[in-house]
Amino acid sequence: MGTGASKNPDSSSHGSDDREDQAGGQLYVSLKMENYNPKGDLIPHVYGSVPLVGSWDPSRALSMERESASMWELSFVVPPNHETLDFKFLLKPKYGNIPCILEEGSNRQLTGGALGGDRRSAMFKFSSDDVLEYKVFIKADRVSPFDLAASWRTYQDNFQPSSVRGIPDVSMNSAPDASNENESSASLELDIEHYVVPAPATSANSGLVYAANMTETPRSLSRVGLFSKTDGSSGALHHQKDTGVDRPDLTGMQVIVPDTAKYSLAPGLVESKSFGAFSSMQKQEGHRGLFVDRGVGSPRLMKSASSFTVDLKLDSESKNSMPAAAGAVAAGAVADQMLGPKEDRHLAIVLVGLPARGKTFTAAKLTRYLRWLGHDTKHFNVGKYRRLKHGVNQSADFFRGDNPEGLEARNEVAALAMEDMISWMQEGGQVGIFDATNSTRVRRNMLMKMAEGRCKIIFLETLCNDRKIIERNIRLKVQQSPDYAEEPDFEAGYHDFKVRLENYEKFYEPVEEGSYIKMIDMVSGHGGQIQVNNISGYLPGRIVFFLVNTHLTPRPILLTRHGESRDNVRGRIGGDSMISDSGELYSKKLANFVEKRLKNEKAASIWTSTLQRTVLTASPIVGFPKIQWRALDEINAGVCDGMSYEEIKKNMPEEYKSRKKDKLRYRYPRGESYLDVIQRLEPVIIELERQRAPVVVISHQAVLRALYAYFADRPLKEIAHIEMPLHTIIEIQMGVTGLQEKRYKLM
């Protein structure tokens with residue numbers, strides 16, 4: 001039975017060891033049992049002299065947890081008032097007490113951290129000739145309160161050298177390991193297509209959908225029953241040839257048209273207040289200030305009265321325009337809000353360029369990037385407005401610059417789209433992307449006049465001189481655009497679009513006014529130029545940086561979690577454990593898969609985190625460079641690192657509730673939130689966009705959720721709930737036709 005803690009006779013001593021004991025150092029015990037032939041559903045338990053392990057009541061014994069196929073483990077803290085611990089092992093079902101087989105022999109005893117008696121195996125007698133033996137491993141140690149910030153298991157693991165410590169950050173296995181060649185269990189005998197599994201309904205497969213149809217549903221064009229969505233989300237209409245699907249009748253549609261006459265300007269340039277004008281922020285009565293959401297359960301920092309004479313608060317419009325983000329994005333938004341003019345709180349990216357220059361795809365990529373960073377962004381496509389207002393059967397003559405009726409009709413729908421975008425911004429939207437040719441100064445001046453004092457405009461002009469790329473884009477346009485959905489003859493549609501393009505070329509005027517970004521021959525990813533004029537602020541700077549690194553070269557990106565780790569088996573988060581037997585098998589299957597899938601891709605590369613479970617998963621892969629990224633490490637669980645969710649729920653109930661309430665913004669104490677992970681992953685996204693060869697990313701659940709959400713354009717609120725199963729490869733094909741996803745389940 002446990003006894004009271006003995007007192008130090010030298011109570012007057014003030015030595016450091018005594019102070020540590022008095023501060024509450026406690027005894028941590030780790031018990032492990034190993035057996036390769038367990039009995040049915042009987043699970044090892046521990047019971048003993050202290051209440052924690054049941055006070056010798058078998059029904060209250062502590063269940064051990066499976067660490068591997070043959071190993072069971074249990075760690076616990078001995079209360080400070082029990083310096084001596086007597087205990088024994090027993091076998092019983094996890095959720096029952098019958099049968100209950102007690103360990104043979106005398107009690108085991110721990111006194112002051114030392115094990116008394118011999119270190120014997122645990123023998124369980126079922127009958128006179130049926131005895132089951134378990135090897136027993138017992139370890140005890142005294143840990144100070146300082147070390148209680150993390151679980152004892154993690155505390156101990158940190159003192160064990162990593163098995164991959166000697167592997168450099170950039171490495172390459174030049175030849176396969178001969179010892180692995182005959183391991184049939186790890187080989188993929190069938191074609192890799194045999195392992196394909198269905199992707200979720202909300203996956204990244206957008207390649208078969210015309211990009212403009214994924215843009216915002218026009219709010220200015222409304223008819224009862226035509227659109228069911230009222231939240232501004234996409235309600236695209238799909239026009240297909242000879243499908244038997246009824247097309248919407250546009251007769252009777254109500255049209256709300258802004259007065260474009262007041263925006264009509266002379267061909268000369270217009271000086272707009274939305275370009276480069278700075279004005280002091282209007283002082284308001286009371287206190288003004290700025291609050292940035294730092295995550296659930298985290299403090300909100302305010303300047304003291306000695307630093308500021310006002311208590312910073314933003315008006316409702318400013319609050320709505322703040323991004324749902326952390327780190328650099330939040331800091332940049334704060335600076336822009338505090339220092340810039342009011343109209344700079346809303347940003348309009350206005351596309352400029354001839355047809356078939358990649359404007360819509362560039363707009364779609366930029367929209368996805370900004371949404372992922374946390375900025376409320378929407379993509380408004382004027383062509384979609386035109387088709388809804390005037391139908392899809394407009395010939396090339398409609399787009400002539402000397403056709404006054406066509407010109408008026410096109411300016412009308414452009415004004416409708418612009419008014420919709422500005423109205424959405426005034427309701428709280430941050431970045432609107434206005435997708436149209438906008439090929440003349442008159443059109444651009446009209447847009448600037450509409451935006452004056454309401455939002456800041458940056459023109460984004462795409463120029464392409466590569467005839468092969470233009471030809472490819474023309475053919476894709478004719479194949480996918482709803483403008484030619486009712487044209488059965490491809491050649492007729494091709495000829496009509498070529499004439500339309502010539503009509504635009506005759507009247508095209510390059511951007512020379514206001515703030516602008518020019519992308520010249522950037523779409524191929526082989527060099528090109530980018531010109532910037534009058535660009536300032538955090539967000540415009542990030543946009544420029546993104547555009548410099550993006551292109552439309554087709555290439556696959558493969559995302560996969562590491563093989564099952566020992567902590568996965570134990571149900572513990574974080575840590576830096578090695579992979580289990582199943583994880584080792586997956587690493588070999590993955591190497592076999594990569595060899596088959598990328599056999600003709602000599603420039604491919606393998607990216608891992610710095611944690612050993614991803615490095616070990618990648619180790620059997622040969623012939624490709626391997627690069628370790630600290631940014632790909634799993635979300636930092638802080639003081640919860642190494643704990644199970646059940647332990648967090650029991651020992652830190654408030655943290656458990658906070659995380660359950662808002663997983664996206666919840667930040668582990670001394671750790672990270674999902675928003676923090678997104679911020680550190682931005683360089684990874686930029687590099688993935690810049691790469692022109694395939695990349696295999698071997699990382700962790702939270703990190704891959706964030707990466708996948710970027711490619712699949714999933715809302716921020718969904719990121720923490722995206723399914724990311726073990727031993728599954730998600731292949732994302734990036735290219736000019738959009739994104740396509742395929743999943744392979746290897747185990």
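## Overall make-up and local features

The protein chain of this predicted model exposes about 35,000 Å², and carbon and sulfur atoms supply 50% of that area. Of the 747 residues in the chain, 50% are buried. The secondary structure comprises 18 helices and 27 strands. Among the contacts with a separation of 6 or more, 71% are between residues 24 or more positions apart.

**Salt bridges**

The structure contains 33 salt bridges.

| Pair | N to O distance | Relative accessibility |
|---|---|---|
| D713 and R371 | 3.0 Å | D713 33%, R371 28% |
| R441 and E512 | 3.3 Å | R441 21%, E512 55% |
| R667 and D676 | 2.7 Å | R667 17%, D676 16% |

In the salt bridge between D713 and R371, the side chains meet at 3.0 Å. D713 belongs to the loop between α18 (701-712) and β26 (728-735), while R371 is part of helix α5 (residues 359-373), so this pair ties together parts that are 342 residues apart in sequence. D713 is partly exposed, at 33% relative accessibility, and R371 is also partly exposed, at 28%.

R441 and E512 form a salt bridge whose closest N and O atoms are 3.3 Å apart. This pair likewise links distant parts of the chain: R441 is in helix α8 (residues 441-451) and E512 is in the loop between α10 (490-507) and β20 (516-520), 71 residues away. R441 counts as partly exposed because its relative accessible area is 21%, and E512 counts as exposed because its value is 55%.

For R667 and D676, the closest N and O atoms of the salt bridge are 2.7 Å apart. R667 has a relative accessible area of 17%, so it is classed as buried; D676, at 16%, is buried too.

Is H727 buried or exposed? With a relative accessibility of 9%, H727 counts as buried. H727 is located in the loop between α18 and β26, the loop that also holds D713. The side chain of H727 reaches the backbone nitrogen of E564 at 3.0 Å. Leaving aside residues up to four places away in sequence, H727 touches G563, E564, S582, G583, Y586, Y744, K745, L746 and M747.

**Backbone features**

Most residues other than glycine have a negative phi, and most peptide bonds are trans. Which peptide bond is cis, with omega of about -5°? The bond joining I98 and P99 has this geometry, and P99 is placed in the loop between β6 (84-92) and β7 (101-102).

A356 has a positive phi, near 65°. A356 is in the loop between β16 (347-352) and α5, and α5 is the helix that contains R371. With a relative accessible area of 10%, A356 is buried.

N534 also has a positive phi, near 55°. The loop between β21 (529-533) and α11 (538-549) holds N534, which is partly exposed at 40% relative accessible area.

Notes: Residues numbered from 1 in each chain as written. Predicted model: local features only at pLDDT ≥ 70, side-chain atom pairs only at ≥ 80, totals over all residues. Heavy atoms only, no water. Helix = DSSP H or I, 4+ residues; strand = E, 2+ residues; numbered from the N terminus. Buried < 20%, exposed > 50% of the residue type's maximum accessible area, 1.4 Å probe, protein only. Contact = heavy atoms within 4.5 Å. Areas by Shrake-Rupley, 256 points an atom, 1.4 Å probe, with all protein chains shown as cover. Salt bridge = Lys/Arg side-chain N within 4 Å of Asp/Glu carboxyl O. Polar contact = N/O pair within 3.5 Å; in protein donor to acceptor, adjacent residues only side chain to side chain.
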